[in-house]
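Hi there,

Here is the structure I promised to pass on.

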Amino acid sequence: MAYQKILVALDRSTLGEAVFQQAVDIAKLKQAQLLLIHCISIENTIISPYPSFYSEEMVNFSQLVQERFQQESQDAQQWLAECEKRATEQGISTESQWKIGDPSRLILELANSWGADLIVIGRRGLTGVSEMFLGSVSNYILHHAPCSVLVVQGEGFNNE
């Protein structure tokens, strides 16, 4: 298959690094472009426990959430720039974006609008109740993607 536009869904984990490396290897082989995407999920940013409904506590909570979003977005931008530089240094045309929201929806929207012909994403191996409550971005992408999908399996996954 002649992949020319590879969307790479990354997070800041060991698995994310493996996903990045797989995408770089394919891009070098196929002389393809990379679009690196990192999604900041709203659910992962909200701080617990929730305050009561007193106005001063809600203002403080809102300010904490806003500060955390700002810090996470700055960290994501810097980290993605480093990944972009690493790929570019290997001769790969690369760009990056970060978004706030539901990763499943955002990845698919970007794959459609950018015209990706391959999505590279990781899978942690959640099953049963964990997958039911936490969801599975890779599973959703696999079933709804407008193009081919490469799912990089996380280490330690037990296939029994």
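Below is what I found, going from the whole chain down to one residue.

Please keep in mind that this is a predicted model. The chain has 160 residues, and 35% of them are buried. Its exposed surface comes to about 9700 Å², with carbon and sulfur atoms supplying 50% of that area. Among contacts with a separation of 6 or more, 76% are between residues 24 or more positions apart.

On to the secondary structure: there are six helices and five strands, and starting at the N terminus they follow the pattern β-α-β-α-α-β-α-β-α-α-β. The five strands make an open sheet with parallel pairing, ordered β3-β2-β1-β4-β5. At its edges are β3 (94–100) and β5 (148–153), each of which pairs on one side only. On average, neighbouring strands of this sheet are turned by 20° against each other, direction ignored.

Within the sheet, β1 (residues 5–9) and β4 (residues 118–123) run parallel and are joined by three bridges. Here L7 stands opposite I119 of β4. Helix α6 (residues 137–144) lies across β4 and β5, and runs at about 155° to β4.

One residue I looked at separately is S41. You will find S41 in the loop between β2 (33–40) and α2 (42–45). Is S41 buried or exposed? Its relative accessibility is 10%, so S41 counts as buried, the cut-off being under 20%. If neighbours within four places in sequence are left aside, S41 is in contact with G101 and P103.

Best wishes

Terms used:
Residues are numbered from 1 along each chain as its sequence is written. This is a predicted model: local features need pLDDT of at least 70, side-chain atom pairs count only at pLDDT 80 or more; totals for chains, interfaces and linings use all residues. Side-chain values use heavy atoms; hydrogens and water are left out. Helices (H or I, at least four residues) and strands (E, at least two) are DSSP runs, numbered from the N terminus. Buried means under 20% relative accessible area, exposed over 50%, partly exposed in between (1.4 Å probe, protein chains only). Contact means heavy atoms within 4.5 Å. Two strands pair if DSSP finds at least two bridges between them. Axes are lines fitted to C-alpha atoms, for helices over the stretch in contact, and angles run from 0 to 180 degrees between N-to-C directions. Accessible areas come from the Shrake-Rupley method with a 1.4 Å probe; for residues, only the protein chains shown count as cover.
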